[in-house]
Amino acid sequence: LRTPGLCAHMTTRPRVEPRTPWDCAICLATPEEEVHQCHRGHYYCAGCLAGLPQRRCPLCRVALPEDPIRSLAAEQAIAALPSRCDHCALELTFGQRRSHERSCPQRPAVCEAADDGCGWRGIHADLEAHEAGCRHALCRRVLRGAEARWATERDALRSHIERVEAANRAVEARLRRLEERRVSEEEAQRSRTRALSERVRRLEQQATAAAARPRPGRQLPQLAE
């Protein structure tokens, strides 16, 4: 059986609250968030209803719809109920309590270095004074500052490496273009050389052929007798 005043999906301690007509039929606590209901008007915490193994109202056994029925009227009525802060006993409404307790100076607090061995526990109003003199918290702050500086330097170095790599890629691309141009020019030069050699060969052949042809002799004029 669940303890009245403690919702199954809540992690805070049970509240001492009077019973209301809108209490959750599953955990018996007053819903603090969305209020859902069945077709016959039984109210539930949204988290409790979502955790039901069967989609049926545990009171009347009526089938629950796939899309939950949200009761805005119940939520407004609950928000207007008188309540008080669990930490400082300030009188306020049920709807105001959650936002107040998130910033209440009397709310429980632990040192930021609790994972590093500091066992201090107190209220949030005393937290700053404690952490100012806690050696564990001091070490954590120093380490956090060093980590922040290292992260900044790491990001700067990473950006520098990216710029250098981009410049290298640009240089490599230019070298490839120059190499392609050199190869193209060499091929063009070889083509011109072959064409010139072929022309010289033809001219030499023509000269040789011309030299090999017999030349007609000159006829001397005959003298008159």
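Here is a short chat about reading a few features of this predicted model.

User: Before we start, what should I know about the numbering and the pLDDT limits?

Analyst: Residues are numbered from 1 along each chain as its sequence is written, and side-chain values use heavy atoms, with hydrogens and water left out. As this is a predicted model, local features need pLDDT of at least 70 and side-chain atom pairs count only at pLDDT 80 or more, while totals for chains, interfaces and linings use all residues.

User: How many disulfides does a search of the whole structure find?

Analyst: A disulfide is a covalent bond between the sulfur atoms of two cysteines. The cut-off here is a pair of cysteine sulfur atoms within 2.5 Å. Searching the whole structure turns up zero. Take Cys 85: its nearest cysteine sulfur belongs to Cys 88, 3.7 Å away. Likewise, Cys 134 is in no disulfide, and the nearest cysteine sulfur, that of Cys 118, is 3.7 Å away.

User: Is Cys 85 buried or exposed?

Analyst: Buried means under 20% relative accessible area, exposed over 50%, and partly exposed in between (1.4 Å probe, protein chains only). Cys 85 has 3%, so it is buried. Cys 134, at 7%, counts as buried too.

User: What is phi like for Arg 61?

Analyst: Most residues other than glycine have a negative phi. Arg 61 has a positive value, near 65 degrees, and is partly exposed at 42% relative accessible area. Ala 89 also isn't a glycine, yet its phi is positive, about 65 degrees. With 41% relative accessibility, Ala 89 counts as partly exposed.
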